[in-house]
Amino acid sequence: MPKLKSGNETKSQLVAVRVPAKLRHGLDVIARANGVSTTDAVLLAIRHYLESKVIRTATATSDTVDKLDAVADITWANTEAGRFLRMASRFPILLNDRENELLFKILEDSSLHESDGMLVTGVPISEAKLAMRWDELQ
């Protein structure tokens, strides 16, 4: 099987995960059944999950169902700040408590506002300015 391509990321990232022995065996079965490495089996499993699950979001005017792979595509950006802004503007229901606190901090910081910025809860935020201050704001 050819090497799996994982999208248009600028570089791959290492993720360490503790896996119970039986689930680790299941991962080995996935790898063997597909003739791929364990790493590629993890990618296959993630892709399958993203393609098969949905999230329902509701507003005052609409009720929307999006597949998780579409959510990942819509919110993808090369920077963590960009991904955060896209998630906050389109899928705020997915933000955790720490991210909501960060969002309030960003919304209150008028130096990050820009008239043609990305609208997040009605406030236009500059992705470029946020990216420059991302580490400081964390």
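**Overview**

Glutamate 114 has its place in strand β3. The model is a predicted one, and the values in this briefing should be read accordingly. The points below begin with this residue and its strand, then turn to a second pair of strands, and close with the helices.

**Glutamate 114**

- The relative accessibility of glutamate 114 is 30%, and the residue therefore counts as partly exposed, a class that lies between the limits of 20% and 50%.
- Apart from its neighbours within four places in sequence, glutamate 114 is in contact with Pro124, Ser126 and Lys129.
- Between glutamate 114 and alanine 77 there are 19 Å from C-alpha to C-alpha, and the two residues are 37 residues apart in sequence.

- Strands β3 and β4 pair in the antiparallel sense, and four bridges are found between them.
- In this pairing, valine 120 stands opposite valine 123 of β4.
- The hairpin has two residues between the strands, and threonine 121 lies in this loop, between β3 (113-120) and β4 (123-125).
- Most residues other than glycine have a negative phi.
- Threonine 121 has a relative accessibility of 58%, which is over the 50% limit, and so the residue counts as exposed.

**The hairpin of β1 and β2**

- Strand β1 (residues 54-58) and strand β2 (residues 63-67) run antiparallel and are joined by five bridges.
- A hairpin of four residues leads from β1 to β2.
- Two of the facing positions can be located in the structure: alanine 58 stands opposite aspartate 63 in β2, and isoleucine 55 stands opposite aspartate 66 in β2.
- Which residues of β1 belong to its covered face, and which to its uncovered one? Ile55 and Thr57 form the covered face, whereas Val54, Arg56 and Ala58 form the uncovered face.

- Helix α1 (residues 21-34) consists of 14 residues. From its first C-alpha to its last, helix α1 reaches 20 Å, close to the 20 Å expected at 1.5 Å a residue.
- Helix α2 (residues 38-52) contains aspartate 40.
- Is aspartate 40 buried or exposed? Aspartate 40 counts as buried, because its relative accessibility is 8% and the limit for this class is under 20%.
- Aspartate 40 and methionine 118 are separated by 35 Å, C-alpha to C-alpha, and by 78 residues in sequence.

**Helices α5 and α6**

- Helix α5 (residues 97-108) packs with α6 at an angle of about 125°, and the axes of the two helices are 12 Å apart.
- The two helices, α5 and α6, are therefore oblique to each other.
- The crossing of α5 and α6 is right-handed.
- Leu102, Lys105 and Ile106 of α5 make the contact with Leu130, Trp134 and Leu137 of α6.
- An α-helix has 3.6 residues a turn, so residues three or four places apart point the same way.
- Alanine 128 is also found in helix α6 (residues 127-137). With a relative accessible area of 52%, alanine 128 is exposed, because the limit for that class is over 50%.
- The C-alpha atoms of alanine 128 and threonine 79 are separated by 9.7 Å, and the two residues are 49 residues apart along the chain.

Notes:
Residues are numbered from 1 along each chain as its sequence is written. This is a predicted model: local features need pLDDT of at least 70, side-chain atom pairs count only at pLDDT 80 or more; totals for chains, interfaces and linings use all residues. Side-chain values use heavy atoms; hydrogens and water are left out. Buried means under 20% relative accessible area, exposed over 50%, partly exposed in between (1.4 Å probe, protein chains only). The expected span of a helix is 1.5 Å times one less than its number of residues. Two strands pair if DSSP finds at least two bridges between them. Axes are lines fitted to C-alpha atoms, for helices over the stretch in contact, and angles run from 0 to 180 degrees between N-to-C directions. Angles under 35 degrees count as roughly parallel, over 145 as roughly antiparallel, 65 to 115 as roughly perpendicular and the rest as oblique. A crossing is left-handed if the near helix is turned anticlockwise from the far one by less than a right angle, and right-handed if clockwise. Contact means heavy atoms within 4.5 Å.
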